[in-house]
Amino acid sequence: MAFTHLVKAHSSALYGYFARRVPAASEDLLAETWLQAFAARRTFDPARGSARGWLFGVAHNVLAQYLRRAGRREPAPGPDVTDPWQVVDQRLDAAAMAPALRRALAELPADERELLLLISWEQLTPTEAAAVVGIPAGTARSRLHRARGRLRDRLTMPRATGPAGPAGRNLTATGDLA
């Protein structure tokens, strides 16, 4: 009964995690996540963190296995990726910033990008995101700080090759990215 509650409570968020990274395989990856989580349900320890964080850790491992088998690296968010909760779009001038944000995210080191996306898109805490990727919480916070700084620098820097944003204005990061 408790596992059924977890499926109902977290399927949408886990599906979004996969859909934003590998849209074509998101349903299969979600199913595999639930199979692995059910098989490992006795390993969950509430003293080590929330069920949500544990499930995202399982999902992260399922994604890593899938990418290894496919011979691919962690994909950068592409133009065909949608965010069902519109969280990022509510905090950014999405129409003007989305292409620049995708470019800036793609330029981040994969470990920094994954932490930033787990926190910004999946709404995990830095401590939960650290557990997902298997690093200490302090390391996650410093990588997150670096990632936000790099994004801020890339998104507020005037562009020499054309207008920086709408009407030539510099783009500015807000919300989770600031």
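## Salt bridges between loops

A salt bridge is a side-chain nitrogen of Lys or Arg within 4 Å of a carboxyl oxygen of Asp or Glu. In this predicted model, Glu122 and Arg20 form such a pair, with their closest N and O atoms 2.6 Å apart. Because Glu122 lies in the loop between H6 and H7 while Arg20 lies in the loop between H1 and H2, the pair ties together parts that are 102 residues apart in sequence. Glu122 and Arg20 are both buried.

Glu122 also meets the side chain of Arg21 in a salt bridge, at 3.1 Å from N to O. Arg21 lies in the loop between H1 and H2 and Glu122 in the loop between H6 and H7, so this pair ties together parts that are 101 residues apart in sequence. Arg21, like Glu122, is buried.

## A salt bridge between helices

The structure holds seven salt bridges, and one of them joins Glu112 to Arg150, whose closest N and O atoms are 3.3 Å apart. Here Glu112 belongs to helix H6 and Arg150 to helix H8 (residues 137-156), so that the pair ties together parts that are 38 residues apart in sequence. Glu112 counts as buried because its relative accessibility is 3%, whereas Arg150, at 31% relative accessibility, counts as partly exposed. Elsewhere, salt bridges that share partners join Arg20, Arg21, Glu114 and Glu122 into one network.

## Helix H3 and its surroundings

Helix H3 covers residues 51-70, and its 20 residues, at 1.5 Å a residue, should span 28 Å; the end C-alpha atoms are 28 Å apart, which agrees with that expectation. Just after H3, Gly71 takes a positive phi of about 70°.

## The contact of H3 with H7

Helix H3 and helix H7 (residues 126-133) pack at an angle of about 35°, and their axes lie 8 Å apart. The crossing in which H3 passes H7 is right-handed.

On the side of H3, the residues that meet H7 are Gly53, Phe56, Gly57 and His60, and their partners in H7 are Glu128, Val132 and Val133. The residues of this contact divide into three nonpolar, three polar and one charged.

Technical notes:
Residues numbered from 1 in each chain as written. Predicted model: local features only at pLDDT ≥ 70, side-chain atom pairs only at ≥ 80, totals over all residues. Heavy atoms only, no water. Axes fitted to C-alpha atoms, helices over the stretch in contact; angles between N-to-C directions. Helix = DSSP H or I, 4+ residues; strand = E, 2+ residues; numbered from the N terminus. Left-handed = near helix turned anticlockwise from the far one by under 90°. Contact = heavy atoms within 4.5 Å. Nonpolar A, V, L, I, M, F, W, Y, C, P; charged D, E, K, R; others polar. Expected span 1.5 Å × (residues − 1). Buried < 20%, exposed > 50% of the residue type's maximum accessible area, 1.4 Å probe, protein only.
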